[in-house]
Structure formats: structure tokens, C-alpha cells
Amino acid sequence: YVIGSRIEMPSSLSLLSLALSVPAFALYARSDGGKVPRLNITKGGVITAGCSHAGDFAHQFHITFNSMVDGACVFSGQPYHCAVTKFPGDQLVKATNETSVPNCDGCPDGETLVYDHCKNHPQWVDVGMLPDYPRRACGQNPIKHTECIDDVKNLFDDRVYLFRPTHDRCYLEGAVANVQALYAQMLTDPESQVKFVNDQPFPHTLPTNSTPYYNHSEAAGFDGPGECLRWVFKEDKVQWAGNFKPENVFEFNQTLYMDDFGVGINEKGFIYIPDKCQQAASMSSSSSSSCNMVLLTNSCHDFSGMDIDFAKYGEANGIVILKPCVGGYVDKDRFPQAHEVQRGLLDVYGQLSDDYVFQSAPHMRFVGKILREVTGW
């Protein structure tokens, strides 16, 4: 039945079977209880993608959940755990409630790092130190922390697409190159597994076909989502984009996957399920009927903009677009220094916890729960 402009249905199967006939004026269909539907997702076919803080998170989630995620598209991102790591060349500042770096790995008491040191001062970063944390933070012989970081050996055969435009003033030259340097130390053959595009004259953005170059007004025709997908999934497996179908966007209730209601998580998330993936969901699990998936975690209240550009490829190529959302309520009494999270950003700064890259961290855990719900893994 219909309530306002949203469609309420009695079950996930009804949601999937009715989706093809949902009228264009409807906004987002919802399944029974608002749970995200279980789909038939290809093992080895999940990647992350994002730009800026969402790019940081795409990289962060890829490494931490590497047993479930097999690639990443990072459009302007900083290296894993870099935001809170003290390097020998770092300059320190007095730690106060006004600083946005409440946690620092290696700082003396009363001092902390310059905010965004990895983005604004990439020359301070010792890239040789970067792999140490994902390799050792959980403990060794035995593992000391649960819900920590998956074994980094799962990264050996992954593929990564990196992008930094030449006019990016948020991630200065060298910042994304440091992400490339980290992956170079963790992949088997980084030369063939990593593609780094750093020669496109855009400002700070994830460009789509309609995005103009810096100081231009006409569309440049650079297809960021397509470039990402064709590299990470390999070109012979991704054809051109198809038609976006609004009726294939479904809203789900994220409160079902939240442990803490004061850490900036939105109450709703979105998932785009292409026609062929809706059909595959009702079949027995097999590689011939399963779909790939892109995880597009971001600050969001709807499914729009670049989401649609990714969804066009999803429709034509059997790729589900899963979009968990932050941008909700933040308890300022508990997290007085979570200034970026209060602005609706993901915690890629360690503002909610010192173990912000662990699977147990607030933003990581809720996205991991949703991913497991969809895949059943």
C-alpha cells in the first residue's frame, strides 16, 4: 500500500517483484520493517568508492574489511590511519577542545597533530611507516583485539583506482600519492593492480561526464564512475552505462544497524538494485546469477548526483549500489572535538574513538553490519 509518496510492502520478496511496476512519481520503496534486502552478491565482487572524506572512508573500509571487499576507487583520499599517526617530521600543537585531532598515536601528553596534516603536509608523512598499523594493530601471536582489521593477505590480489585532480586544494600534491605508496607495499603487483590518475585539470571533485574542468563552464566529458568501475572490475566485465531507473532505488532503516544513536549516523540509507539483481535475489545462489556491488558510504539524505551516475552502470552491468548514510545526530557532550562528524562527515579523523579504523568503531561497525545483511556473509 502507499503512504504519501512512499510505498510500503509486506516483504522483501514483494519489494523486489513489485519494483518493476512502481510508478515514476514514487520516491523510495521500502521493505517490511525497513530492513535492507538480502541479495545474491558475488564473493570477490564488492568494492568501495568515494571522494574526499568519503574517499578516505572508502580506502579505510577496504583495508579493514578486506575479507569482504576486494577493491577501492579513492577520489582524493588520505592514507589509512594517517590522520592520527605522528611521523618524525610532524609539527605538534597544544591539545584543546578546539582541535579536531583528539587522538594521536605517538604524541606526548598535552600535544596533538596539526589538523589534516596528511592532506595539507604530505611531505611530513613517512610512507614506510604506513603499513605497520594494519599489519600489527590487532596484535600478533596471538591476536589481542576482536572486531579489528582483517588479515592483510586478503589485499594481495585487489585492484585500486586512485584519482587526484591537478587543481585540488583540499588534498595537496603528494597526499594521494602517499595512498598509492601504501598500496604499493601491500599488493602483489602494484604496477598492474593500481591505476593513479593525477593529470586531469579539475578542482576537488569526483568528476562525471557533465563536470567542467577548473575555470571552464563546458562539460569535460571525463567519466569518473566509469573509469573507476572499468578498472577495478576490469574493462571486459563492465560495458557502458545504461538507463537509471528511479523505481529501483530502495530506502532502508539504518536504526536497525545502529548501536549508538549519538555518533552522527543517519536514520535512513539507500540501495539501488538493478533489474537483473532483483531477479537474481529470488534464485538459488550461483555465480551465473549473482551481482557485484559498490559501497558508496557518504553524508546523505537521498539518492542523487553521482549516485545516479554509478547506478546507470549498475543497471547495465548488474552492479548493486549500496549507500549507507551519515549526517545524523551527534552527542556533543560526549564528543566535543568531533567537529567534522558534527558537520555530517564520516569519522576518518579519530574523533569518535581512537580505534576509528577498527571494525568495532562506530561508523565502521554500522556499515559492516549493513554489508553483512545484504550479502549474508
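Helices here are DSSP runs of H or I with at least four residues, and strands are runs of E with at least two, both numbered from the N terminus. With that in hand, look at helix H9, which is followed by Gly318, a residue with a positive phi near 65°. You are looking at a predicted model, in which local features need pLDDT of at least 70, side-chain atom pairs count only at pLDDT 80 or more, and totals for chains, interfaces and linings use all residues. Residues are numbered from 1 along each chain as its sequence is written, and side-chain values use heavy atoms, with hydrogens and water left out.

**Helix H9**
- H9 covers residues 306-317, and its end C-alpha atoms are 17 Å apart, which agrees with the 16 Å that its twelve residues should span at 1.5 Å a residue (the expected span is 1.5 Å times one less than the number of residues).
- Its buried residues include Met306, Phe310, Tyr313 and Asn317 (buried means under 20% relative accessible area, exposed over 50%, partly exposed in between, with a 1.4 Å probe and protein chains only).

- Gln60 sits in helix H2, residues 53-64, and counts as buried because its relative accessibility is 3%.
- Not counting residues up to four places away in sequence, Gln60 touches Tyr80, Asp347, Val348, Tyr356, Val357 and Met364 (contact means heavy atoms within 4.5 Å).
- H2 packs against helix H5, residues 175-184, at about 10°, with their axes 13 Å apart (axes are lines fitted to C-alpha atoms, for helices over the stretch in contact, and angles run from 0 to 180 degrees between N-to-C directions).
- The two helices, H2 and H5, are therefore roughly parallel to each other (angles under 35 degrees count as such).

**Nonpolar cores**
- The largest nonpolar core has 72 residues, and Phe61, Leu162, Tyr183, Ile271 and Leu322 touch the most other members (a core is a set of buried Ala, Val, Leu, Ile, Met, Phe, Trp, Tyr and Cys residues joined through side-chain atoms within 4.5 Å).
- Helix H11, residues 362-375, gives this core its largest share, six residues.
- A second, separate core of 31 residues includes Trp231, Phe310, Tyr313 and Ile319.

**A glycine in a loop**
- Gly77 lies in the loop between strand E5 (71-75) and strand E6 (92-94), and counts as buried because its relative accessibility is 0%.
- Although Gly77 and Val176 are 99 residues apart in sequence, their C-alpha atoms are 5.9 Å apart in space.

Definitions and conventions:
Parallel < 35°, antiparallel > 145°, perpendicular 65-115°, else oblique.
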